[in-house]
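Morning, everyone. Today I'd like to walk through one model. Have a look at the sequence and the structure first.

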Amino acid sequence: MAGKDVSTMKISSKVWKNGKFIDWDDARIHVMSHVVNYGSSVFEGIRCYNTTKGSAVFRLPEHMQRLVNSAKIYRMDPPFGRDEFCSASTELIRQSGLEACYIRPVIFRGLNEEKPAFGVNPFPNPIDAYIAAWEWGKYLGEEALESGIEVCVSSWTRISSNTMPTMAKAGANYMNSQLIKMEALLGGFSEGIALDDRGYVSEGSGENIFLINNGKLITPPLGAAILPGITRDSVIKIAREMGIDVIETTIQRAALYLADELFFTGTAAEITPIRSVDRITVGEGKRGPITKALQDEFFKIIMAERPAPGGANWLTFVHDTDEKKTAAA
Ligand code: PMP
């Protein structure tokens, strides 16, 4: 089934809703849904790549586990588990005809139109789960992966984990991310880096961050106000396999300026080098050699050209006819 063309973007003509496939045009909610008024959603962002062995979703179970974890934190109990969200996603991709796409599951508090409830209390509102998919190119631009991007430190503080838990990928967290992103864009930067409530480096509006100093890879720890990124985890595992020391520790703002290399990681951003922070050139002002080496291995794994570290299965193939169900090359 062909996808739907909206301007230059190809979108799956079907959307998975609470266990059924519906048309894209029918995937609508009431304006008085709890989520619209109070931000009560959790979601995921997942990529399916057109690999050398067919379409495959990168670390699908890990993403869906984070989705159900996010839901649990907000006391949402959808009648679907991790594995059902996984199989719904691969079925949606098959139905969409898309070879490579971005997958967006979202669980939210809706509206019971028979028995409406409009207050902050989320409990009376039904839980709805949807999955959409569309073709999405490089988030920070094709060129960014090679030349790197210019970023700033945001004047906005990252939400603290006891305010809005950053372990949950909740829609409302992205109000904070939007402040960071808008300020960066209006200041002529591609992205902003937020400091946490103690003044230490946390993450970008939609990416984790890594520094390279004297050949070592340094990143804020999971206990900091960051999303436990799946690309972050992948890069740490790849680096360790390459014999690179990985240190998870607090990072001062000024250390960003003095890093030999700096890069963002994320499903959308993949591994994007940063060439300057606050207009201070980082290292040589271009993608550094360790960033490039990590990118090379990352993209080989994603393209099913080599196995993941430790022989782990990081690829879920979408079609039965695909040569292999696992990434073990
Ligand atoms: N931090 C934030 C705030 C994000 O939105 C994202 C993107 N999901 C990330 C980090 C990176 O996470 P992942 O590698 O799992 O996409």
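The domain bounds here come from an automatic or database domain assignment. On that assignment, the protein splits into domain 1 (4-134) and domain 2 (144-309). Their centres, taken over C-alpha atoms, lie 26 Å apart.

Some ground rules. This is a predicted model, so local features need pLDDT of at least 70 and side-chain atom pairs count only at pLDDT 80 or more, while totals for chains, interfaces and linings use all residues. Residues are numbered from 1 along each chain as its sequence is written, and side-chain values use heavy atoms, with hydrogens and water left out.

Now the interface. Contact means heavy atoms within 4.5 Å. Domain 1 puts in 22 residues and domain 2 puts in 25. How much area do domain 1 and domain 2 bury between them? About 2000 Å², with 61% of it on carbon and sulfur atoms. Buried area is the accessible area (1.4 Å probe) that two parts lose on being put together, summed over both. In domain 1, the residues losing the most area to domain 2 are F43, Y49 and R66. Together they make up 29% of what that side buries.

A salt bridge is a side-chain nitrogen of Lys or Arg within 4 Å of a carboxyl oxygen of Asp or Glu. The rule finds two across this interface. Separately, R59 forms a salt bridge with D233, and the closest N and O atoms are 2.8 Å apart.

Which elements give two or more residues to the side of domain 1 that touches domain 2? They are β5 (41-43), β6 (46-51) and α2 (60-73). Helices (H or I, at least four residues) and strands (E, at least two) are DSSP runs, numbered from the N terminus.

S160 sits in the loop between β10 (149-157) and α5 (173-186). Is S160 buried or exposed? Buried means under 20% relative accessible area, exposed over 50%, partly exposed in between (1.4 Å probe, protein chains only). S160 has a relative accessible area of 15%, so it counts as buried. Leaving out residues up to four places away in sequence, S160 touches D197 and A225.

Then A255, in helix α7 (residues 253-258). Its relative accessibility is 24%, so A255 is partly exposed. A255 and V201 are 54 residues apart along the chain, and their C-alpha atoms are separated by 9.2 Å.

That's the tour. Thanks.
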